There are 2 protein chains.
Amino acid sequence: MKKVSIYDTTLRDGAQGEGISFSVEDKLKITKRMDDLGIHYIEGGWPGSNPKDILFFKKAKNLRLKNAKIVAFGSTRYKGKGVSRDPNLKGIVQLKPQVACIFGKSWGLHVKYALGTTLAENLKMIFDSVKYLRSKGMEVIYDAEHFFDGYIDDRFYAVETLRQAAKAGANNITLCDTNGGMMPHQVESIVKEVKKEIRIPLGIHTHNDSEMAVANSVIAVKAGCVLVQGTINGYGERCGNANLCSIIPNLKLKLGIDCISDKRLGSLTEVSRYVSEIANMIPRDSQPYVGNSAFAHKGGVHVSAVAKHPRTYEHVSPEKVGNRRRILVSELSGKSSMLSKAKEFKIDFREKSKEVKELLQKVKHMESKGYQFEGAEGSFELLMKKTIGKHKTFFDLSGFRVIVEKDEKGKLRSEATIKVMVKGKEEHTASEGDGPVNALDNALRKALERFYPELKSMSLTDFKVRVIDATEGTAAKVRVLIESRDERDEWGTVGVSENIIEASWQALVDSIEYKLLKEE
Amino acid sequence: MKKVSIYDTTLRDGAQGEGISFSVEDKLKITKRMDDLGIHYIEGGWPGSNPKDILFFKKAKNLRLKNAKIVAFGSTRYKGKGVSRDPNLKGIVQLKPQVACIFGKSWGLHVKYALGTTLAENLKMIFDSVKYLRSKGMEVIYDAEHFFDGYIDDRFYAVETLRQAAKAGANNITLCDTNGGMMPHQVESIVKEVKKEIRIPLGIHTHNDSEMAVANSVIAVKAGCVLVQGTINGYGERCGNANLCSIIPNLKLKLGIDCISDKRLGSLTEVSRYVSEIANMIPRDSQPYVGNSAFAHKGGVHVSAVAKHPRTYEHVSPEKVGNRRRILVSELSGKSSMLSKAKEFKIDFREKSKEVKELLQKVKHMESKGYQFEGAEGSFELLMKKTIGKHKTFFDLSGFRVIVEKDEKGKLRSEATIKVMVKGKEEHTASEGDGPVNALDNALRKALERFYPELKSMSLTDFKVRVIDATEGTAAKVRVLIESRDERDEWGTVGVSENIIEASWQALVDSIEYKLLKEE
């Protein structure tokens with residue numbers, strides 16, 4: 001079986017993505033997780049361009065990685081400089097990494113406009129730089145930046161740049177589609193041509209500007225590349241880098257290339273979501289393999305067929321990549337979705353009962369008002385229980401008031417007062433908080449915890465606000481989704497209102513009722 | 001030049017995407033826009049499965065389209081039924097559409113589990129249904145559902161299903177990768193094989209479960225397909241359908257296939273964002289060609305090279321697809337980004353002045369606190385003007401108080417009181433609103449409009465809330481982005497705080513100051 005190495009550049013090229021920024025601690029955490037996933041090379045940063053990265057390399061030495069080698073990134077030497085005094089190369093050498101990856105230019109346009117030098121000098125810069133790093137005992141990967149554009153522009157010169165790197169002793173030469181403009185047939189034929197000329201192992205590095213990054217990577221492997229560079233979730237500048245969360249399962253499950261173990265593949269979804277959390281990017285639901293919707297069935301035809309045989313609408317088993325099947329509740333789905341969902345919640349509905357009809361109508365009505373149960377299964381379960389009369393009330397609200405004040409010195413104060421009836425007793429409490437919703441949450445808990453001590457084990461873990469009708473400014477409706485958890489479970493609840501405090505209140509109340517009902 | 005037709009199924013398959021639901025009015029609006037874009041076929045819905053869709057087809061007859069034909073979707077007849085009494089086919093025939101598209105089964109697994117019938121009966125169902133619709137004078141497209149899976153499972157049977165459709169007079173046979181699991185080399189070789197056997201025009205319909213939908217579509221066209229089915233922004237069930245916003249420019253700009261005119265291609269970005277607004281989906285910034293980040297440059301090396309020659313880091317000109325270049329402000333970018341940005345705002349910075357350094361430091365500090373200027377250029381321009389002393393204060397806040405109350409009947413009331421000093425006078429006003437931020441906005445305007453009547457021409461158009469540290473529940477920080485506009489311009493402003501009211505206040509104040517400074 002063919003051996004292919006996975007090279008991750010989330011920490012360097014991925015961090016160029018809009019809205020992404022990693023601290024040194026973030027980078028160390030991600031490195032650990034990627035090592036567990038079985039990634040072979042982890043590019044940690046560009047010490048010559050970013051001082052923060054130097055600290056990362058120093059700390060990373062204590063990580064005790066099981067699989068991965070840490071790679072320091074950089075460029076070929078500057079024009080007209082000796083290698084040993086080049087700040088960029090020096091930055092790498094001082095860190096003594098196991099592996100160095102340096103990029104050089106393959107395309108005349110870049111030699112002229114970005115480097116401002118001659119074609120001949122560029123060849124020397126490549127040769128000198130690779131040779132110097134090799135002489136320091138490092139494994140060297142040479143990234144041929146813009147190789148495909150360069151090849152199309154002047155194939156002889158482009159291949160000549162690779163020959164310089166090969167002659168200088170590079171361990172791997174990676175062909176880059178830096179602008180992400182290549183079509184798969186171009187990548188296929190160019191990789192095949194290069195393989196005839198260059199005898200050392202080739203890698204591939206693509207970008208997604210034509211939505212071809214994953215395809216181009218897989219095709220390059222089929223054409224002979226043995227190393228794939230990419231990022232978790234495809235993060236990266238402009239449209240992103242090649243997405244390793246799709247490439248790894250494609251190589252393993254579709255091409256039969258054993259790049260990571262089956263067991264590790266089973267943690268792919270978790271790693272994807274972990275990195276998106278650290279990067280503070282909203283996970284993309286529709287993301288192949290690992291997205292929350294990747295195995296979610298909505299159309300009535302699909303839902304009933306999947307119930308009979310999953311392969312009818314699933315290209316692979318979700319468990320293989322650590323994801324799960326979901327049946328969505330929406331106006332497009334009919335009774336069969338409701339029944340699947342009820343089964344999931346262990347609620348006994350008879351197929352033709354009037355309760356199912358009533359529930360469907362309720363859901364449609366609420367969806368038309370802006371509710372969405374796809375991310376709020378806690379609220380949906382409560383709605384089901386209300387419909388079949390298996391719900392009970394734990395408290396009644398007599399009223400609340402939330403006040404936010406800012407004084408002339410800019411000092412802020414948020415306070416909530418709340419009056420509720422619990423088990424026949426009136427509780428009237430108040431609390432402050434970091435903001436109005438936090439104050440309200442604190443006041444409600446204060447009122448209830450005396451009666452329901454089990455609430456102490458529950459906490460809010462996420463709070464999302466989505467403006468539903470974005471065309472009316474602050475008077476538009478907002479939907480609030482709250483995620484809560486205790487030691488065992490995690491549940492989502494929803495609220496909708498023109499008033500963000502009221503929407504938050506609804507979701508808070510659902511979350512607490514869900515917990516109390518669960519504990520009965 | 002090869003002719004390829006574009007077939008859009010946003011309104012039917014796209015609506016199966018998680019979180020998407022279109023009203024009849026939504027569908028009519030989108031149809032109009034897609035006709036303007038030059039789409040050849042617009043699939044309007046499945047009349048047999050969704051009564052809402054029947055209304056759409058009736059109303060769509062009055063649209064007076066310039067380019068597109070409207071397509072009614074459906075399935076082959078049920079097993080054991082005559083075509084003329086089949087509810088599904090009757091649903092199509094009654095609407096008298098120009099074009100019908102019906103799907104049938106190519107894969108034994110589906111014949112057995114989804115249809116519950118025999119392989120022989122399935123062949124008859126295909127033949128009868130296509131023949132019946134053709135006999136009613138319609139153009140018929142036959143969608144061979146799960147064709148590639150079926151071909152791999154039993155190529156003789158799969159091709160035989162196509163022969164039935166061809167023999168019955170189908171005008172086009174579209175090969176579907178319904179589960180989205182195919183690799184490009186499989187699509188290429190199977191399309192080539194089918195082309196040898198089937199003489200009528202072929203189409204391609206792919207899904208994105210392996211992140212290959214766009215690649216598979218483009219490769220199928222190169223292998224001989226002349227019709228491509230997909231959706232705007234790739235909306236669709238699970239991981240979505242093939243994304244027409246990438247396929248159209250790839251066909252035109254990369255393969256030289258003139259499927260829509262140059263001028264219409266220039267409206268692609270607008271159409272993409274329009275549909276995402278109607279679908280109420282957040283546009284994906286990193287989306288190829290049309291995303292807000294698709295031509296956004298962040299890394300210092302990239303920014304300075306693009307300033308010298310755009311082709312260095314852009315695979316096509318953004319204008320060709322109606323998008324634009326953006327230079328991002330972030331800790332990774334250095335002086336050159338700041339200077340490009342200043343030029344854009346017509347602010348005169350000298351390259352080495354201490355103001356540039358001061359600004360960079362401020363930006364880094366604010367970014368570390370959670371601010372983000374990438375979507376808030378209004379706030380960034382104010383920050384620049386503050387740094388060079390070109391900013392002035394229009395009012396001073398003495399304090400505000402926001403109250404949200406809910407009584408025992410569930411009635412809500414939001415009120416804001418505010419005290420400001422304007423031009424030496426104290427204004428103390430109050431206002432109600434639909435929610436706390438709306439009340440605050442109303443109260444602030446009430447206080448200021450007497451002094452600055454130009455504020456009347458400005459309104460808030462969007463309001464976004466993002467929880468920055470999602471791991472701490474309601475006590476986490478929130479970032480509020482506000483979009484505002486007047487008759488001429490549009491600007492974004494930002495605020496960050498643990499308190500959502502305070503974050504909104506900061507963004508509101510920036511928005512108003514931006515407007516007043518602009519009018520001076």
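Reply: **Where the chains meet**

Chain A and chain B bury about 9,700 Å² between them, and 53% of it is on carbon and sulfur atoms. Buried area is the accessible area (1.4 Å probe) that two parts lose on being put together, summed over both.

A word on the basis. This is a predicted model, where local features need pLDDT of at least 70, side-chain atom pairs count only at pLDDT 80 or more, and totals for chains, interfaces and linings use all residues. Residues are numbered from 1 along each chain as its sequence is written, chains are lettered from A and ligands numbered from 1 in the order in which they are written, and side-chain values use heavy atoms, with hydrogens and water left out.

Start with the contacts. In chain A, 116 residues touch 116 residues of chain B. Contact means heavy atoms within 4.5 Å.

The rule finds six salt bridges across the interface of chain A and chain B. A salt bridge is a side-chain nitrogen of Lys or Arg within 4 Å of a carboxyl oxygen of Asp or Glu. R401(B) and E405(A) form a salt bridge through their side chains (2.4 Å, N to O). On the side of chain A that touches chain B, the largest share, 10 residues, comes from strand β11 (residues 396–406) of chain A. Helices (H or I, at least four residues) and strands (E, at least two) are DSSP runs, numbered from the N terminus.

Now the sheet. An open sheet of six strands runs β13(A)-β12(A)-β11(A)-β11(B)-β12(B)-β13(B), with antiparallel pairing. Two strands pair if DSSP finds at least two bridges between them. The edge strands are β13 (425–433) of chain A and β13 (425–433) of chain B, and each pairs on one side only. Within chain A, strand β12 (residues 412–422) and β13(A) pair over nine bridges. There, E415(A) stands opposite E432(A).

Helix α18 (residues 500–519) of chain A lies across β11 and β12 of chain A, together with β11 (396–406) and β12 (412–422) of chain B.

How values were computed:
Axes are lines fitted to C-alpha atoms, for helices over the stretch in contact, and angles run from 0 to 180 degrees between N-to-C directions.
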